[in-house]
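Open the model in your viewer and keep the selection tool at hand. This tour goes stop by stop.

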Amino acid sequence: IFGKSIPIFGKSIPTFGISIPIFGKMRIFAPMLQSVITVTPMLTCAFWTFVLLVDLKEHGDRGAHKQLLAWSLAATLLYMGHCAFFNKTFSSLPFFDALYLVCNLSVFPLYLRYLSKLTEGRVGTWMNWGVGLPPVAFGLVVSLLYLLMSEKETQSFVNQYLYHNSFEGLD
């Protein structure tokens with residue numbers, strides 16, 4: 001599908017990088033559309049994180065609002081990592097890659113924490129450590145690996161392995 005055109009409503013629409021006419025004079029720019037698609041999930045989660053934060057401040061921790069707020073914040077940061085990756089922000093990608101790993105590994109356990117608090121009324125201490133410790137540990141390992149790489153190695157890793165899925169030369 002990449003590099004080809006897609007027929008929509010009888011019009012031929014290229015997938016990336018070209019200004020395309022739709023419905024007469026209206027034009028859609030594919031890079032702008034890609035930016036909107038990659039930023040929208042992050043902004044949606046950020047909006048609900050803000051709403052939960054305001055609700056928590058005004059009404060206190062009713063039910064499981066703190067757990068839902070933690071999950072929503074992790075989802076916002078996860079989608080921030082998506083946004084950085086798909087918009088190819090090369091200079092900050094090592095940071096966002098480590099952040100993405102932490103959030104990706106913690107988003108489902110945080111939701112489990114929320115459901116446990118909602119149904120049982122409490123979250124055990126073991127669940128707090130079990131949810132938080134492994135993702136943070138793996139994130140620190142990934143951060144350390146990026147710090148140990150030279151600038152050239154980091155660029156090569158990002159371009160070859162992350163963007164082109166080529167594992168040749170991986171020793």
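**Stop 1: a cysteine**

Select Cys103. It is buried, because its relative accessible area is 4% (buried means under 20% relative accessible area, exposed over 50%, partly exposed in between, with a 1.4 Å probe and protein chains only). Cys103 sits in helix 3. Helices here are DSSP runs of H or I with at least four residues, strands are runs of E with at least two, and both are numbered from the N terminus.

Now show what surrounds Cys103. Leaving aside neighbours within four places in sequence, Cys103 is in contact with Ala74, Leu77 and Leu78; contact means heavy atoms within 4.5 Å. Next, pick the C-alpha atoms of Cys103 and Trp71. They are separated by 9.2 Å, and the two residues are 32 residues apart along the chain.

**Before you go on**

This is a predicted model, in which local features need pLDDT of at least 70 and side-chain atom pairs count only at pLDDT 80 or more, while totals for chains, interfaces and linings use all residues. Residues are numbered from 1 along each chain as its sequence is written, and side-chain values use heavy atoms, with hydrogens and water left out.

**Stop 2: the whole chain**

Zoom out and colour by secondary structure. The protein chain has 5 helices and 4 strands. From the N terminus on, the order is β-β-β-β-α-α-α-α-α.

The accessible surface of the protein chain comes to about 11700 Å², by the Shrake-Rupley method with a 1.4 Å probe, and for residues only the protein chains shown count as cover. Carbon and sulfur atoms hold 69% of that surface. Of the 171 residues, 28% count as buried. Among contacts with a separation of 6 or more, 48% are between residues 24 or more positions apart.

**Stop 3: two helices**

Select residues 93–120, helix 3, and residues 151–163, helix 5. How are two packed helices described? By the angle between their axes and the distance between the axes. Here the angle is about 55° and the axes are 11 Å apart. Axes are lines fitted to C-alpha atoms, for helices over the stretch in contact, and angles run from 0 to 180 degrees between N-to-C directions. Helix 3 and helix 5 are therefore oblique to each other: under 35 degrees counts as roughly parallel, over 145 as roughly antiparallel, 65 to 115 as roughly perpendicular, and the rest as oblique. Show the side chains at the contact: Leu93, Pro94 and Asp97 of helix 3, with Thr154, Val158, Leu162 and Tyr163 of helix 5.

**Stop 4: a charged pair**

Select Asp55 in helix 1, residues 30–59. A salt bridge is a side-chain nitrogen of Lys or Arg within 4 Å of a carboxyl oxygen of Asp or Glu. The count by this rule is 1 salt bridge.

Buried or exposed: which is Asp55? Asp55 is buried, at 17% relative accessibility. Arg62 is partly exposed, at 41%. Not counting residues up to four places away in sequence, Asp55 touches Gly60, Arg62 and His65.

**Stop 5: a loop**

Select Lys88, in the loop between helix 2 (65–86) and helix 3. Its phi is near 55°, a positive value in a residue other than glycine. Lys88 is partly exposed, with a relative accessible area of 48%.
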